[in-house]
Amino acid sequence: YDPIAYAPQAGWGQMIERFLADDVAVANHAIGGRSSKNFITQGRLDEILRNIRPGDYLFAQFGHNDATQGVDDRYASPEDYKEYLREYIQGARQRGATPVIVTPVSRRSFNAETGEANVSFPEYVAKAIEVAEEEDALLVDLSASSRAYLTEIGAEAAKAVFLHVDPGVFPNRPAGTTDDTHFQEYGAIQ
């Protein structure tokens with residue numbers, strides 16, 4: 001991953017360390033285009049499980065790429081997604097680590113009549129909550145908190161959160177970018 005090539009795109013996992021105590025280390029294994037399914041099939045979960053230790057936490061947030069129908073290596077039905085998340089939970093616990101399921105963060109999508117942020121990937125949000133309850137795993141409902149934040153700031157201000165970049169600002173984005181899924185650094189911090 002080359003942060004310069006993707007600038008100003010960033011994810012919340014890149015920014016979380018700044019909100020934790022100095023003696024907490026974060027190993028962010030997130031990578032674009034991965035779903036709960038292909039993160040496993042590509043061996044990425046195995047790599048984490050080889051290195052995770054008792055007392056560590058494993059935060060798993062998927063859903064965006066799982067919902068990509070027509071891309072076979074990514075797509076996981078909501079039910080399959082739930083079972084893949086169960087593998088993350090069980091793998092962490094087998095190694096004495098604490099699994100934390102994180103619901104999919106919302107896209108920049110608003111109800112035109114009410115101004116409220118829409119639920120992105122509702123079936124995946126529901127399955128993440130279900131598996132956390134069934135497995136008695138910790139849950140961060142990032143879907144709900146991100147929607148509350150986006151509703152509070154509104155659709156126009158949310159452009160600064162997401163990857164809305166004017167032409168000519170970043171050399172790697174000469175034509176600019178309008179992306180309602182990925183965050184700018186500011187949005188990842190929020």
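Modeller: Contact means heavy atoms within 4.5 Å. This is a predicted model: local features need pLDDT of at least 70, side-chain atom pairs count only at pLDDT 80 or more, and totals for chains, interfaces and linings use all residues. Residues are numbered from 1 along each chain as its sequence is written, and side-chain values use heavy atoms, with hydrogens and water left out.

Biologist: Which residues does Arg 86 touch, not counting residues up to four places away in sequence?

Modeller: Start with its place: Arg 86 is in helix H5. Helices are DSSP runs of H or I with at least four residues, strands are E runs of at least two, and both are numbered from the N terminus. Leaving out residues up to four places away in sequence, Arg 86 touches Val 131, Glu 134 and Glu 135.

Biologist: Why does Arg 86 count as buried?

Modeller: Buried means under 20% relative accessible area, exposed over 50%, partly exposed in between (1.4 Å probe, protein chains only). Arg 86 counts as buried because its relative accessibility is 14%.

Biologist: Which strands are the edge strands?

Modeller: Three strands make an open sheet with parallel pairing, in the order S2-S3-S4. An edge strand here pairs on one side only, and that holds for S2 and strand S4 (138–140).

How values were computed:
Two strands pair if DSSP finds at least two bridges between them.
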